[in-house]
Amino acid sequence: MTNANAADPVIEARGIDLTFPTADGPVHALKGVDLTINRGDFVSFIGPSGCGKTTLLRTIAALETPTGGALSVNGMTPDAARRARAYGYVFQAPGLYPWRTIAKNISLPLEIMGFSKPDRAERIARVLDLVDLKGFGGKYPWQLSGGMQQRASIARALSFDADILLMDEPFGALDEIVRDRLNEALLELWARTGKTIAFVTHSIPEAVYLSTRIVVMSPRPGRITDIIDSPLPRHRPLEIRDSPEFLAIAHRVREGLRAGHAYE
Amino acid sequence: MTRVLPVLTVLAAIVVVWYLAAVGLNMNWARQQLERDGVTATMPALIGNTMAQERPVLPAPHQVAAGLWEGIAGQKITSKRSLVWHAWVTLSATLAGFAIGTLAGGLLAVGIVHNRAMDQSVMPWAVASQTVPILAIAPMVIVVLASAGVTGLLPKAIISAWLSFFPVLVGMVKGLRSPDAMQLDQMRSWNASAAQVFWRLRLPSAMPYLFASLKVAIAASLVGTIVGELPAGATAGLGARLLSGSYYGQTVQIWSALFTAAALAALLVLIVGWIERITLRRMGLDR
């Protein structure tokens, strides 16, 4: 397990700009974004839609290219990091292939990356266990609930042992109760694996409950308005959400979001 | 029963209209014939005659049925008068043309999806190829190939492929492009090669589109083959049967060949649909 307190930057962004040209003129999706994410951090990006939180995550994943600034992932350019398979990306939808069983879906990136068959089988069994889906490998996606499907997609992102997990509103489409359980499971998984996690959400309780750092963003142009280091302990039972510390952070996040909106 | 009843009702209506049309269209000839025979043209006699002419303008349904029965069951299937034999000649060229067309359409679609130059250049030509009347193309293909010493099944199969590649091309381009941005980003995040994206994502995603296209393509293949049998005085196949029927005014023969062709088309589309259901169900896409 890595020591989270030692400053070991995994993702470093300096003055990131990203401008999309559109018919109505350029749109500033990101402007002057400075951010450092250390190894073992759980960083949440929160903000209203259009604030660039997903775009920022996508630039880290080299799915978008910044138009300005410097960005490094594991000391490489984001694209080199992508080629080196430095991260697992969990999208808003599970994106499981209906013609593949859960095990075969998890096997997909492993096949692409050229893992041997016995290695694949071992990894599939391990990550299925990790997301509590043991025994569901032979099922097809439609036989699973939405929450289970999203867990399978997390298992798939974990299967090739990338150190970084990028998650784009992975629980956004799920109901509150399922979401609570998955948040708890995600924290447990994070504690067990020591991954660095970047997590996009629009839920304040989710961001506060999960994160060691919360990045508050605001739109037009997309930028960071506040970065909050959470004083909460790493081990967090669900009840922590009723503690004064939790409510104080949630309050600060809410204030930050409101301030960002007042800017317009 | 609730599903069969509407079908039977429509069928019965068609038969009634057909009989009425046969009476109307064959009446002139019936009147002339009765006059020649010196028989008084009573209504029953006239109507009876319209139902039983040797070369009616429009044969009555029972005459076509008899012609079909005679052509299918009344001959040895190796006989040149057997509709089964003619249908087989047409079917073999249709299947060959369908295979060539599907392969060509599929390959062109793969090229269009993966190559920018092909994306911008192939489609207009493909569309243009379909706007040229096939009746104009068919004789040229037959003549050109015959002068090169190629006769028999292949020229017909090429005309058949000419018609069948197009729906496959259009459907496969759409199908291969059906994976959404998220699925493609996912592949990109795994650093997948274009070949891996093709085999693991694009091709399976295209299956529903492919089958929809194949149903159109197999019917088009049959039409293409029959058209290919018309010129150059082909002596075998349903197209030849249609042609010789029209040379000699054998309308019953024409209609029998037409119905055989229709039944063949229906059967082929049914088989493709059946394979489609099994495949898509196995792939979990049939929902």
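Predicted model: local features only at pLDDT ≥ 70, side-chain atom pairs only at ≥ 80, totals over all residues.

1. Residues are numbered from 1 along each chain as written, chains are lettered from A in the order in which they are written, and side-chain values use heavy atoms, without hydrogens and water.

2. Between the chains, 25 residues of chain A are in contact with 19 residues of chain B (contact means heavy atoms within 4.5 Å). The two chains bury about 2,100 Å² between them, with 57% of it on carbon and sulfur atoms; buried area is the accessible area (1.4 Å probe) that two parts lose on being put together, summed over both.

3. Chain B and chain A share 3 salt bridges (a side-chain nitrogen of Lys or Arg within 4 Å of a carboxyl oxygen of Asp or Glu). B:Arg188 forms a salt bridge with A:Asp79, with 3.7 Å between the closest N and O atoms.

4. In chain A, domain 1 covers 1–86 + 163–264 and domain 2 covers 94–161, with bounds from an automatic or database domain assignment. Their centres, taken over C-alpha atoms, are 25 Å apart.

5. In chain A, 14 residues of domain 1 are in contact with 13 residues of domain 2. These domains bury about 1,100 Å² between them, 70% of it on carbon and sulfur atoms.
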